Each structure stands twice: as structure tokens, then as C-alpha cells.
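These are my notebook entries from an afternoon with a single protein chain. I wrote down each thing I looked up, beginning with the chain as a whole and then turning to its parts.

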Amino acid sequence: MPISKQKIQELAQSYFQDTVNNRRFLHQNPELSFEEYNTSAFIKQVLTDLGVPFESMANTGVVALIKGELPSDKVLALRADMDALPITEVEGRSYGSKNIGVMHACGHDVHTSSLLGVAKILNELKAEFGGTLKLIFQPGEERLPGGASLMIKDGVLQNPEPQGIVGQHVMPFIESGKVGFRSGKYMASCDELFMTIRGKGGHGAMPHQNIDPIAITAQIISALQQVVSRNADPRTPTVLSWGKIIGNGATNVIPEEVNLEGTFRTFDENWREDAHARMHKMAVGIAESMGATCDFEIRKGYPFLINEAKITEAARSYAVEYLGGDNVLELDLWPAAEDFAYYSQETNACFYRLGTGNQAKGISSAVHTNTFDIDETALQTSIGLMSYIAVRYLGE
């Protein structure tokens, strides 16, 4: 007989406060990408206490297995990331970060504590389902090359090989108690751009004696936007943004060089490669035509994230069963990037959004800000829904 929704809801309520406590502990003790040694040790201790076997992977990563006791060969992976950001948290929170300059400002403490809560629920229910659950606690989502790529390289999608993988991410703009899904392309690829324009500095009153890298940079910035507006297919969303420009001259000093850093994002791998070549050729050509030189470096980041239709529609239907249709939303394309995309390029993937906001309580700050927080009632939704999706998927 299938595990009932009511049973999972009762267990989610039972483990809710424990999940809150774990989330607050992780929030107080954040660690940067690929430095999650204490976080990894904490995860291992919880799994050890549960009697759930695990192994280390990609240095600080942890992979655990929960095997259902009923006959089935199905395997489903569930993923949580666990790194924090170099942000100083706003003061005044009893559970605020103790590591000054480091903060769980993207909700990875929520993802990790939630997956530990799921482990408790499913470990308790393993006599009532078949198949295997692979729990992936992944480092380094916030930093290239992305912990997901390293976990895959180390064999996280092998022995046993999952038929699908499910992940979730906090969304402060969705109210707690609700979730969001989208089939097909969902999140963008993400590349980092670094450009240095070198000219000839000198007195600002005599520009004819110089090669002005600031003026040349302005021309390049404007021209590169045409790569998006005149070369990208309008049906393929594309973003080119510059977030850092340094031309360290003065009111009357033209500098020797200008340095820029930016990002390029899109949803099509062929166009992505074409755009890289076009941007490089255009920037170098403009600089050289004006007597300067241009070093244009593209650090290729995460691919676009695609939610496979079958597993995503199944997960969405399970969410409707568990939460009710009014609490399951349709998501728009999201131009942010996520290294869960690497999993989505390798196996059937579903990445959904967990509502963590509460306008009435003033909990609405965006991720990657020093005021980000969650309505912790979302943790009960989180551990219950992911557990329900897992047992329903394995039971199909």
C-alpha cells in the first residue's frame, strides 16, 4: 500500500523543529565555497546518528544512500548545496552568522537542513517503499567551476545510476507554503567576462597626444550591446551586463588602461558559442582600430538548466496532491544561473522553487543581500514535499 500523504505530513511536522534547529546552526556557521569542512562534518554526524551510510566526494561533498526495503531497481537522487557567500549579515539576529564576512545569503542552509530532514523522514519509512534514494550534499555552487561538475567527475551519478534528480531552491518572492515549477529551459548559462583596454595615458587637456582607453571602452560597451540586440534570436533571452569598470585616472588624467568585469547569460548553447566569438572579435577590432589593444577573457561558467518534462510534470502533480493546486505556481524563465544545470545536462532533472517569503512579517529580501532571511515555516513544506515527491516517484 502506498505511503499516505498524511503520514508524511505528520512526520514533517514531527521533524520541523529539528530542521529549524539544524538550519539555524548552519546559518550561524557558514563556510565559503569549497571550504565547507565543518558543514560536511555536521552532515556526516547527522547521517551517522541516523545509521545512514555515506561517502565523501569532491573533498567536502557527502553522498548518502537510503535503500527502500521493498523490491525495486529505481534510483532517484535528491540534491542540496551547502556553501555560503562573502557577505556580512545585518546585525541583530539571534541566529546570525558568527563568521564575520560570510553569510548564508542564498538559502543553502535551508537546502542542506531540508535534505537532512528528508533523510530522517525517508529513513523512518524505508520499510514501506522500494528503490534507492541518493542524497547529494554538494559543495561550491557559488564558485566556478561549480561543485556539481566536480561531483559528477567523481562519479556521483554512478553506482547506482539515478534515473532522475530533484533539487529545490529558496524563492523569497514566493510566499511560504507555496512552490513553483517550470518544464523545459528554466535558468540561464553564465559566463564571466574580463576585459582590459590598454591605450596611452596623459594629460586630459591634451587628448590628441594620448590614446584614451576610457573613450574607447565606451565605444566597445555600446557596440557589444548590439551582439544582443542585433544578433540574438529574440526568442532566446540573452543578457550582457558590465558590473565593474575601473579607469584609474583623475579629472585631468587619462589613464593607461581600463579594466572591466561582466556577465553573459543565455539559454542556447550554440548561440552562446557564437556570441563569445562575436564579442571577442568586436572588442579587439574596435580597440585596434583606435590605436589601443584589448585583452578579452571569457571564463565559461555553468550551462543552461533544463527541467526534463516527464519528471518535472510528475513532481508538479505530486506537489498538487501534497499542497493543493492553489499552492503550486508556474515559473517564468529565470536569468540567474545554477550549477544544478550540470546535473540537468546528464540526467532527467527537476529543479523547483520553494517559497520562503512572508510579506506580512517583512520577510522579502532578495537572495545575495545582507538582509536575506526566510519564513521558517517553509521548512515544514520543504521536508514534507521533497519526501513525498521521492516516494511517489519511486512508487510509480
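**Entry 1: the whole chain**

I noted before anything else that this is a predicted model, and I kept that in mind for every value that follows. I looked up the secondary structure and found that the chain comes to 10 helices and 16 strands. The radius of gyration is 24 Å, close to the 21 Å that the globule rule gives for 396 residues, so the chain is as compact as a globular protein of that length. I then looked up the box filled by the C-alpha atoms, which is roughly 85 × 45 × 40 Å along the principal axes.

How much of the chain is buried? I found that 54% of the 396 residues count as buried. For the accessible surface I wrote down about 16900 Å², with 50% of it belonging to carbon and sulfur atoms. I also looked up the contacts in the chain with a separation of 6 or more, and residues 24 or more positions apart account for 82% of them.

I turned to helix 4, which covers residues 108–124 and has 17 residues. From its first C-alpha to its last, helix 4 reaches 24 Å, close to the 24 Å expected at 1.5 Å a residue. Because 16 of its 17 residues are buried, helix 4 is largely enclosed by the rest of the structure.

Helix 10, at residues 378–395, has 18 residues and reaches 26 Å between its end C-alpha atoms, close to the 26 Å expected at 1.5 Å a residue. I found helix 10 mostly covered as well, with 15 of its 18 residues buried.

**Entry 2: an annotated span and its strands**

I looked up the UniProt record, an unreviewed entry, and it places the feature "domain: Peptidase M20 dimerisation" at residues 195–281. In the model, this span is 37% helix and 31% strand, and its end C-alpha atoms lie 12 Å apart.

Which strands pair with strand 12? I found strand 8 (residues 191–198), which pairs with strand 12 (residues 257–266) in the antiparallel sense over eight bridges. Strand 10 (residues 238–246) also pairs with strand 12, again in the antiparallel sense and over eight bridges. To see the pairing at the level of residues, I noted that Thr-196 stands opposite Asn-259 in strand 12, while Lys-244 stands opposite Glu-261 in strand 12.

I looked up the cis peptide bonds and wrote down two entries. The peptide bond from Leu-144 to Pro-145 is cis, with omega near 10°, and Pro-145 has its place in the loop between strand 4 (130–138) and helix 5 (147–153). Another cis peptide bond joins Asn-159 and Pro-160, with omega about 0°, and Pro-160 lies in the loop between helix 5 and strand 5 (164–175).

I then looked up positive phi values. Asn-59 has a positive phi of about 70° although it is not a glycine, and its loop runs between strand 1 (54–57) and strand 2 (61–67). Is Asn-59 buried or exposed? Its relative accessibility is 55%, so, with exposed meaning over 50%, Asn-59 counts as exposed.

His-368, which is also not a glycine, has a positive phi near 65°. I found His-368 in the loop between strand 16 (348–357) and helix 10, where it is partly exposed, with a relative accessible area of 41%.

**Entry 3: two residues and their contacts**

Thr-293 lies in strand 13 (residues 293–300) and counts as partly exposed at 42% relative accessibility. Leaving aside neighbours within four places in sequence, Thr-293 is in contact with Thr-196, Ile-197, Arg-198 and Ala-287. Thr-293 and Gly-199 are 94 residues apart in sequence, yet their C-alpha atoms are 6.8 Å apart in space.

Leu-11 has its place in helix 1 (residues 5–14). Buried means under 20% relative accessible area, and Leu-11, at 11%, therefore counts as buried. Not counting residues up to four places away in sequence, Leu-11 touches Ile-121, Glu-124 and Leu-125. Leu-11 and Asn-123 are 112 residues apart in sequence and 11 Å apart in space, C-alpha to C-alpha.

Note on methods: Residues numbered from 1 in each chain as written. Predicted model: local features only at pLDDT ≥ 70, side-chain atom pairs only at ≥ 80, totals over all residues. Heavy atoms only, no water. Helix = DSSP H or I, 4+ residues; strand = E, 2+ residues; numbered from the N terminus. Expected span 1.5 Å × (residues − 1). Buried < 20%, exposed > 50% of the residue type's maximum accessible area, 1.4 Å probe, protein only. UniProt positions renumbered as here; feature names shortened; annotations may be inferred. Rg over C-alpha atoms; globule rule 2.2 N^0.38 Å. Contact = heavy atoms within 4.5 Å. Areas by Shrake-Rupley, 256 points an atom, 1.4 Å probe, with all protein chains shown as cover. Pairing = 2+ DSSP bridges.
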